[in-house]
Amino acid sequence: MNGTAIELRGVGKTFGRVQALHDLNLTIRAGELTALLGPNGAGKTTAIGLMLGLLQPTAGTVRVLGGDPREARTRTQVGAMPQESALPGALTVREAVTLFARMYPAPLPVTEALALADLLPLAGRRAGALSGGQARRLAFALAVVGNPAVLYLDEPTTGMDAGSRQAFWAAAERMKAAGRTILLTTHYLEEAERTADRVIVMNAGHLLADGTPESLRARVATSRVRFTSDLVLAELRHLPGVEAAGVDERGHAALTTRTPEALVAALVQSGTPFRELEVTRASLEDAFLSLTAQASPAAVSA
Ligand SMILES: Nc1ncnc2c1ncn2[C@@H]1O[C@H](COP(=O)(O)OP(=O)(O)OP(=O)(O)O)[C@@H](O)[C@H]1O
């Protein structure tokens, strides 16, 4: 699938005196899985609310699948998993999914939506009796049952255990393979790193960075080098290319560098015995923390 699925042009949103979004320009391509990251209050949920047509922009325009997100024609092609959803507690899981399926012109078979959310064993249970993580899975089933072209997932895996989380990501991959456009927010950066085609970082209503997980990691081109030796902090700091160093009382050293090969070569040449050598690249989490820490305080909304 090609083309643009979602387009925000010059979008601003204020709530009273709070400027939640400032002049946001964003194009989401069809068929991609995009992760929207940002610290609390960055504006992620507000951006999704605008894309869903639940909120009106104060400035600028929002287009989804070429149309106004508030039009029925657009809404029936969109599925959403909000951060907190009010589920129909008296209905069984299967009944709730069946009810939602009726709102869409070409829904998935209910059993398929239940299977995608790993809910077949719980199909007969009342929605009100589900655990927190199971309720998130039901919210996911309700989001996908309409077989939407565009899927918004706001912190989908929060509250899910490790098994449910894995099943969720497998289902998201399947939706993507079927050509769906997926926009999700998450605070679990390692999950975003593994799955997203594209990562957008927001802070205080501004777009800070936009690229592949790989390209964002490359913006903090650092590596971590860890090993155990008898070297003290002053000696560690003298190794070539060390940007930051730490050592504990048992001799576990942790160094940050942009040139890990030169550092390890110098360590070997020094003849100092060392063990448990480990070199790791900067993670998306490192990039995210570095980007949001650099963001100017002027960007923080009043
Ligand atoms: N209805 C509202 N009324 C007043 N202020 C609001 C409203 N909704 C959001 N805000 C404010 O707008 C800013 C952006 O909030 P938003 O919920 O979009 O952030 P977020 O990135 O989704 O955060 P989180 O990671 O905590 O979910 C925050 O400062 C928030 O307090």
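Two residues are in contact if their C-beta atoms, placed from the backbone, lie within 7 Å, and it is in this sense that V93, A96, V97 and F100 in helix α3 meet L138, A141 and L142 in helix α5. The structure above is a predicted model, and its protein chain has 11 helices and 13 strands. Along the principal axes, the C-alpha trace of this chain spans about 70 × 45 × 35 Å. Of the 302 residues in the protein chain, 40% are buried, and among the contacts between residues at least 6 apart in sequence, 69% join residues at least 24 apart.

**The pair of helices α3 and α5**

- Two packed helices are described by the angle between their axes and the distance between the axes.
- Helix α3, which covers residues 93-101, packs with α5 at an angle of about 25 degrees, and the axes of the two helices are 8 Å apart.
- Because angles under 35 degrees count as roughly parallel, α3 is described as roughly parallel to α5.
- The crossing in which α3 passes α5 is right-handed.
- The residues that form the contact of α3 with α5 divide into seven nonpolar, no polar and no charged.
- An α-helix has 3.6 residues a turn, so residues three or four places apart point the same way.

**The nonpolar cores**

- The largest nonpolar core has 75 residues, and those with the most contacts inside this core are V97, A113, L138, A141 and V144.
- Helix α5, made of residues 132-144, gives the most to this core, with eight residues.
- If neighbours within four places in sequence are left aside, V97 is in contact with V110, A113, L114, A141, L142 and V145.

**H252 in strand β12**

- H252 has its place in strand β12, which runs over residues 252-257.
- Is H252 buried or partly exposed? H252 counts as partly exposed because 13 C-beta neighbours lie inside 10 Å, whereas a buried residue would need 20 or more.
- When residues up to four places away in sequence are not counted, H252 touches R226, T228 and V247.
- H252 and A143 are 109 residues apart in sequence, and from C-alpha to C-alpha they are 47 Å apart in space.

**Two residues with positive phi**

- Most residues other than glycine have a negative phi, and most peptide bonds are trans.
- L65 has a phi near 50 degrees, which is a positive value in a residue other than glycine, and L65 lies in the loop between strand β4 (59-64) and helix α2 (72-75).
- L65 is buried, because 20 other C-beta atoms lie within 10 Å.
- For E155, phi is likewise near 50 degrees, a positive value in a residue other than glycine, and the place of E155 is in the loop between strand β6 (150-154) and helix α6 (162-177).
- E155 has 18 C-beta neighbours inside 10 Å and therefore counts as partly exposed.

How values were computed
Residues numbered from 1 in each chain as written. Predicted model: local features only at pLDDT ≥ 70, side-chain atom pairs only at ≥ 80, totals over all residues. Core = buried A, V, L, I, M, F, W, Y, C linked by C-beta atoms within 7 Å. Buried ≥ 20, exposed ≤ 12 C-beta atoms within 10 Å, placed from the backbone. Helix = DSSP H or I, 4+ residues; strand = E, 2+ residues; numbered from the N terminus. Axes fitted to C-alpha atoms, helices over the stretch in contact; angles between N-to-C directions. Parallel < 35°, antiparallel > 145°, perpendicular 65-115°, else oblique. Left-handed = near helix turned anticlockwise from the far one by under 90°. Nonpolar A, V, L, I, M, F, W, Y, C, P; charged D, E, K, R; others polar.
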